[in-house]
Amino acid sequence: MAAALRKPPAVARVLQQVASMARRHGMFEAKSRVVVAVSGGPDSLCLLHSLVRLKRLLRIEPVCFHFDHRLRPGSDADSRYVRSQAQRLGVPYMVREADSKPRKGESVEAWARGVRYEALSAVVEELGGGVAAVGHTADDQAETVLLALLRGGGLEAIAGMSPVGRPIVRPLLETTREDTVAFCRALRLRPRRDPMNEDPSFMRVALRLRVIPSLERHLGRNVRETLARTADLLRLDAEFLDQLSTVAFPAVADTDGQDSLLRIGPLAMLPPALAGRVVRRVLLEQGILPEAGHVEAVLQLAAARPGTTISLPSSLKAKRERGYVRVSRPSPGPRPSGQASRRARARRGDSDGRSN
């Protein structure tokens, strides 16, 4: 065992980064369970081995989790490989499979992200709580920022992924992909390869393999590091606006049985940046992950004539009534549980399509 856990320089460097990241951001509570999402790729494999080696220092109980999207033949081989890694490290192993397929015209990346986070959050709750650790790196952060800029995203999108967005934590967010690959090589690990991560028809992959290397080559500077630093700075502003919207929320939002209510007067008095955040929180609490268009539609509804109705995802309806906007489901049913809301929140802010 001592030989298996020796620390070559590449391994020691990552362990130091992960331990520092976890402590600075308060990622783990003592004796807490950590569900580690592992695809079998170098980043998630590095994360699993790192957290197992740091479990005494961080006082955590790692659990290895794999999700099979069933998007390609032979994907079950990844599951077997990840299981073998969990067995080698002596940690519990859990696996889930997708029971649906992307709808016609739906983004494969968006679908995969949604079902993966749904399953991951469900496993955390099934085990009685804790957090889920995912293997996003500093390179992923840079790609996320650039993607948000190209798509015309707002402050939250350009601020990238947060180190902590419970139940999700990202211990590798300041570690480069070069470091995770070196970590695996030092331990003689043989990560799995996902063809989806090498297909430039996906925008993120094109940025990773072509655009960012070209920018760095022509500009002569580390673009990834610059973009990641930009995300850190913008996240401070985004978090401040979130705090202001939390203060404003009780005066604007209320409930009526299973429905959510938005008071027109107080909502109209808020600056747009805060009004949008209040609406987004209401929709999240109804169990959906709202896009910018959904938030904007509800804000426009607040200025419409009473009786005007709009449709939202998951069969939600929003109706302008006297003095407020009512968000409800068309037929009686249980109000979305905290579980549904937490799953929607877990997916929020993560635009990574990789299985990492």
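This is a predicted model: local features need pLDDT of at least 70, side-chain atom pairs count only at pLDDT 80 or more; totals for chains, interfaces and linings use all residues.
Residues are numbered from 1 along each chain as its sequence is written, and side-chain values use heavy atoms, without hydrogens or water. Local features need pLDDT of at least 70 and side-chain atom pairs count only at pLDDT 80 or more, while totals for chains, interfaces and linings use all residues.

**Nonpolar cores**

A nonpolar core is a set of buried Ala, Val, Leu, Ile, Met, Phe, Trp, Tyr and Cys residues joined through side-chain atoms within 4.5 Å. Buried means under 20% relative accessible area (1.4 Å probe, protein chains only). The largest such core has 37 residues. F28, V34 and L51 have the most contacts inside it. Among the elements that each supply at least two of its residues are β1 (32–37), α2 (42–53) and α8 (177–186). α1 gives the most, with seven residues. Helices (H or I, at least four residues) and strands (E, at least two) are DSSP runs, numbered from the N terminus.

Another core, of 25 residues, lies apart from the largest one. V252, L262, L270 and A275 are among its members.

Contact means heavy atoms within 4.5 Å.

| Residue | Contacts |
|---|---|
| V34 | F28, L51, I60, E61, P62, V63, V131, A133 |
| L267 | V252, A275, V279, L299, A302 |

L267 sits in helix α11 (residues 264–269). It is buried, at a relative accessible area of 5%. Its C-alpha atom is 8.4 Å from that of V278, 11 residues apart along the chain.

**Helix α5**

Helix α5 (residues 108–126) has 19 residues. Its expected span, 1.5 Å times one less than its number of residues, is 27 Å, and its end C-alpha atoms are 27 Å apart, which agrees. Its buried residues include W111, R113, R116 and Y117. G128 follows α5, with a positive phi near 95°.

Methods:
Buried means under 20% relative accessible area, exposed over 50%, partly exposed in between (1.4 Å probe, protein chains only). Lists of a residue's contacts leave out its neighbours within four places in sequence.
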